[in-house]
Amino acid sequence: MKNLKLKAYKIEEIEFVNKIRGNTKIELKNSYAYNVRYTNQSICEGKFTVTITDKTNPEQFNIKLVLAGIFEYDTNVAREILHVQTYKELFPYARAVVTTITANAGIQPIMIPDMDIENREIYRFDNPNNAQ
């Protein structure tokens, strides 16, 4: 994408609880949150949080990942478009982390499903100039 460049990403937080015994079946519940904070220097930070839990026993199995990415962007592009593009850039990294952790934990790897962010009303724009 010409109007956006991922400069860096990092895992800010990761939690993993796996107290499931034997061949216990679990039913997973996924929740996502994504926010973007913009600066005046054509830099923004996208923060993606994914939480995966067992629907019936979340204290027995849960994963929480907070992944942050720093982007350089074209200031002429609408923030709604940048919000979607930054999410699409960060999501594969979050998916890879969750899959790798679960595979290395000796359980069947979990591949989090993609979310069609363009058809959801989840946009939240944080502008440091409007802080109260």
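I70 is found in strand β4. The model that contains this residue is a predicted one. At 34% relative accessibility, I70 counts as partly exposed, because that value lies between the 20% limit for buried residues and the 50% limit for exposed ones.

- Leaving out residues up to four places away in sequence, I70 touches K5, L6, K7, A8, I43, C44 and E45.
- One of these residues, A8, lies 62 residues from I70 along the chain, yet the two C-alpha atoms are separated by 5.3 Å.

**Strand pairing**

- Strands β2 and β3 pair in the antiparallel sense, and eleven bridges connect them.
- Within this pairing, T49 of β3 is the bridge partner of A33, and V50 of β3 stands opposite Y32.
- The hairpin formed by β2 and β3 has four residues between the strands. In its turn, S42 has a positive phi of about 55 degrees.
- On β3 there is also an antiparallel pairing with β4, again over eleven bridges. Here I63 of β4 is the bridge partner of I52.
- The hairpin of β3 and β4 has six residues between its strands.
- Is β3 mostly covered or mostly open? The strand is mostly covered, with nine of its twelve residues buried.

**Helix α1**

- Helix α1 spans residues 79-104 and comprises 26 residues. From first C-alpha to last, α1 reaches 37 Å, close to the 38 Å expected at 1.5 Å a residue.
- Where does α1 bend? The bend, of about 30 degrees, is at L90, and a proline, P92, follows within four residues.
- Just after the helix, G106 adopts a positive phi of about 85 degrees.

**Nonpolar core**

- The largest nonpolar core consists of 25 residues. Those with the most contacts inside this core are Y34, F48, V50, I52, V98, I110 and I112.
- At least two residues of the core come from each of β2 (28-38), β3 (43-54), β4 and α1.
- Which element gives the most to the core? Helix α1 does, with seven residues.
- V50, one of the core residues with the most contacts, is in contact with S31, Y32, I63, K64, L65, V98 and I112 once neighbours within four places in sequence are set aside.

**Confidence of the prediction**

- The protein chain has a mean pLDDT of 87, and 86% of its residues reach 70 or more.
- By element, confidence is highest in strand β4 (residues 61-73), at a mean of 97, and lowest in strand β5 (residues 125-126), at 48.
- Over residues 122-126 the pLDDT is below 50.
- Where pLDDT is low, the predicted coordinates should not be read in detail.

Conventions. Residues numbered from 1 in each chain as written. Predicted model: local features only at pLDDT ≥ 70, side-chain atom pairs only at ≥ 80, totals over all residues. Heavy atoms only, no water. Expected span 1.5 Å × (residues − 1). Bend = angle between axes of the 7 residues up to and from the residue. pLDDT = per-residue confidence, 0-100. Contact = heavy atoms within 4.5 Å. Core = buried A, V, L, I, M, F, W, Y, C linked by side-chain atoms within 4.5 Å. Buried < 20%, exposed > 50% of the residue type's maximum accessible area, 1.4 Å probe, protein only. Pairing = 2+ DSSP bridges.
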